[in-house]
Amino acid sequence: MSRLQLALNVDDLEASIAFYSTLFGTEPHKVRPGYANFAVAHPPLKLVLVENAGQGGSINHLGVEVEDVDAVDSELTRLAAAGFATTEERDTTCCYAKQDKFWVQNTPDGERWEVYTITDDAPVPAVEERVEEAVDGGAVCCA
């Protein structure tokens, strides 16, 4: 099953969890420090909340979660044939999960799109790692 991913910056993670739990009628699939995600069945959606004070209500990034690594590779090949530039990240840890993915480059309005699959769960990183990711990575993932 493929589903769209919408990653939102939120000011208050707990308030956002309460709101989206009611809105979609489901509890979060995963909650970690500064992070939560929902696996919404209808409509098929992976909703990710990234606590990012002062940025609430803005898009952190967008994505398409696919079934497996073969689907990631297939989409990578298809988009490359269409002339889209991409940046691959294999066996990476992001959003508290091990992933194989790529990021689509040069989007018309600068939004960040990823195509990914989750290969395994990942432990909660140390506070120092989250701070480093927030500084170095611009709070795109897990920060």
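Colleague: So what does the chain have in the way of helices and strands?

Modeller: The chain has 3 helices and 8 strands. Keep in mind that this is a predicted model. Going along the sequence, the order is β-α-β-β-β-β-α-β-β-β-α.

Colleague: How much of the chain counts as buried?

Modeller: Of its 143 residues, 41% do. The accessible surface comes to about 7,600 Å², and carbon and sulfur atoms hold 53% of that.

Colleague: Let's take H1. How do you know what span its 12 residues should have?

Modeller: Helix H1 covers residues 13-24, and at 1.5 Å a residue it should span 16 Å. The end C-alpha atoms are 16 Å apart, so the two values agree.

Colleague: Which residues of H1 are buried, and what puts them on the same side?

Modeller: The buried ones are Leu13, Ser16, Ile17, Tyr20 and Ser21. Around the axis they cover an arc of only 130°, and therefore they sit on the same side of H1.

Colleague: Why is Ser21 called buried?

Modeller: Buried means under 20% relative accessible area. Ser21 has 11%, so Ser21 counts as buried. Leaving out residues up to four places away in sequence, Ser21 touches Thr26, Glu27, Pro28 and Phe38. A polar atom of the Ser21 side chain also lies 2.7 Å from the backbone oxygen of Ile17.

Colleague: What makes Asp12 a cap for H1?

Modeller: One of its side-chain oxygens lies 3.1 Å from the backbone nitrogen of Glu14. A polar contact needs N or O atoms within 3.5 Å, so this pair passes on distance. Asp12 is at the N-terminal end of H1; just after H1, Gly25 takes a positive phi of about 65°.

Colleague: Which strands do the buried residues of H1 pack against?

Modeller: They pack against S1 (3-10), S2 (30-32), S3 (35-40) and S4 (45-51). The largest nonpolar core has 11 residues in all, among them Leu13, Ile17 and Tyr20. S1, H1, S3 and S4 are the elements that give two or more residues to this core. Leu49 is another member. Setting aside neighbours within four places in sequence, the contacts of Leu49 include Leu8, Val10, Leu13, Ile17 and Phe38.

Colleague: Now H2. How do you know that its buried residues line one face?

Modeller: Val72, Leu76 and Leu79 are the buried ones in H2. Down the helix axis they fall within an arc of 75°, so they line one face. On the other side, Asp70, Thr77 and Ala81 are exposed. The buried residues of H2 pack against S6 (86-94), S7 (97-104) and S8 (113-121).

Colleague: What reach does H2 have from its first C-alpha to its last?

Modeller: Helix H2, residues 69-81, reaches 18 Å with its 13 residues, close to the 18 Å expected at 1.5 Å a residue.

Definitions and conventions
Residues numbered from 1 in each chain as written. Predicted model: local features only at pLDDT ≥ 70, side-chain atom pairs only at ≥ 80, totals over all residues. Heavy atoms only, no water. Helix = DSSP H or I, 4+ residues; strand = E, 2+ residues; numbered from the N terminus. Expected span 1.5 Å × (residues − 1). Buried < 20%, exposed > 50% of the residue type's maximum accessible area, 1.4 Å probe, protein only. Arc of directions from axis to C-beta. Contact = heavy atoms within 4.5 Å. Polar contact = N/O pair within 3.5 Å; in protein donor to acceptor, adjacent residues only side chain to side chain. Areas by Shrake-Rupley, 256 points an atom, 1.4 Å probe, with all protein chains shown as cover. Core = buried A, V, L, I, M, F, W, Y, C linked by side-chain atoms within 4.5 Å.
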